[in-house]
Amino acid sequence: MYSSVLQSQDNFQGWVPEPGSLPAGTGRSSAVQLGKHKKEAGALSYSLASADTGAAQKEPSTWEIRRDCVYGSAGKAAGITSHVTEQDVSANPELYSAVSGSCSAMESSEDSEEDMYRDAEEIEREKILLYETSSSDYKVSVAPEMDIMDYCRKEWRGNTPAAKRMRKGYEAVAQKFASIRRVRGDNYCALRATLFQALSQATQLPSWLQSEDFITLPENLLRKYDWIQQWQLKQKLGRKMGDISDEIKEYLMLLRKKWKNISEIKSPIEKQEACDKLFKNEEEEYSLYEALKFLMLNTAIELYNDDKNGRRVPVFSWLLFARDTSSNPCQLMHNHLNHIGHSGGLEQVEMFLLAYALQHTIQVYRLYKYSTDEFITLYPNDPEEDWPVVTLITEDDRHYNIPVRMCQETML
């Protein structure tokens, strides 16, 4: 898997510009390529478009409303009062009081407009979520399991159409899985949920992790593509430029070691305990995510070269490089992969890329799509038969949780 990517790299190294000179609208060649296959890609393109826009077009989540209210109101208030000095206050107490009053009224007005569309239970639920998300002590990566319908009743007690749809979705999932584990909702959420599930059910070390050139992958790619030196590592924003191959190599070695150790554990209880322990070690956990992101970049380079050389590639690859922001692997790294975990999560088309990088099928229950053909989505939608399957749950295609304890009837 990893050796083939180095055989045809000259296809794009010569024309990929330095990152600083990348044109904003680059992507004509990819658009032409996509046009050649538009009949095959049409269905998937529509699906991905509806996925990315569907969540945006559906009624905004109460968390988003609350967040906008909190930060929006605070920003407006700060903008007004920042020009009021102590001297102004003492000289014009009435004026300062009026300004403060208008800020409070503005916030109250926003809250009132927001609350028109929600019942009291949903408002209270969002207050709890806001506190948990903003609390510095809220560091649990994967929470303990709880009954899936108990979780549903706790989270979706309102009578809005969205709440009713979610309850129906959870009822459908409960036919297959008895419990759920809540995943920490930062920008590593999709990587965290997928990797946790993959390790939890691992019984052997995958062949791609056993490859001889797996550990030397960073230096081999960096030797050919110097723009990879600008890979952005976790918690090292703004670091000085330099050779990062040794650092990424350590991440890949850690991924192989942890996968091997956990896959060798025979007892399901001990295997689960080992996974829980790993995902409580923040340093190791985030190092594994950097390894996954680098494997996604390598897979993207491999697919890009295969397509340029006329070899068959999955449909999602055409869509991945048809975006103006990722018409080649260099742009994909700068505009997407470098931002995962920092300022953004995985987009729908990048869920396909993650699945191919891990050679796992990612099955997702998309609860807001309940009663549609997209309620259960597979990444990729035409997986290899021998790929393991990991299952996730999402309410909005942004945050992912983990269903566990497959019902006995389903297992039979």
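Predicted model: local features only at pLDDT ≥ 70, side-chain atom pairs only at ≥ 80, totals over all residues.
Colleague: Is Arg-405 buried or exposed?
Modeller: The relative accessibility of Arg-405 comes to 55%. Because a residue counts as exposed when this value is over 50%, the class that applies to Arg-405 is exposed.

Colleague: Asp-397 also has a positive phi; is Asp-397 buried or exposed?
Modeller: Asp-397 is not a glycine, yet its phi is about 65°, and its place is in the loop between S5 and S6. Its relative accessibility is 7%, and the limit for a buried residue is under 20%. Asp-397 therefore counts as buried.

Colleague: Which strands stand at the edges of the open sheet?
Modeller: The open sheet has six strands with mixed pairing, in the order S1-S2-S6-S5-S3-S4. A strand at an edge has a single partner strand, so one side of it is left without a neighbour in the sheet. This applies to the strand of residues 146-147 and to the strand of residues 376-379, which are S1 and S4.

Colleague: Which residue of S5 is the bridge partner of Gln-363?
Modeller: Strand S3, residues 361-366, and strand S5, residues 389-394, run parallel and are joined by six bridges. Among the residues of S3 is Gln-363, and its bridge partner in S5 is Thr-391.

Colleague: At about what angle does helix H10 run to S6?
Modeller: Helix H10, residues 189-200, lies across several strands of the sheet, namely S2 (177-181), S3, S5 and S6 (400-406).

Colleague: What is omega for the peptide bond that joins Tyr-379 and Pro-380?
Modeller: Pro-380 is found in the loop between S4 and S5. The bond that joins Tyr-379 to Pro-380 is a cis peptide bond, with an omega of about -5°.

Colleague: How many disulfides does the count come to?
Modeller: A disulfide is a covalent bond between the sulfur atoms of two cysteines, and the count here takes pairs of cysteine sulfur atoms within 2.5 Å. Cys-152 is buried at 1% relative accessibility, and Cys-275 is buried at 0%. By the distance rule, the number of disulfides comes to zero.

Note on methods:
Residues numbered from 1 in each chain as written. Heavy atoms only, no water. Pairing = 2+ DSSP bridges. Helix = DSSP H or I, 4+ residues; strand = E, 2+ residues; numbered from the N terminus. Contact = heavy atoms within 4.5 Å. Axes fitted to C-alpha atoms, helices over the stretch in contact; angles between N-to-C directions. Buried < 20%, exposed > 50% of the residue type's maximum accessible area, 1.4 Å probe, protein only.
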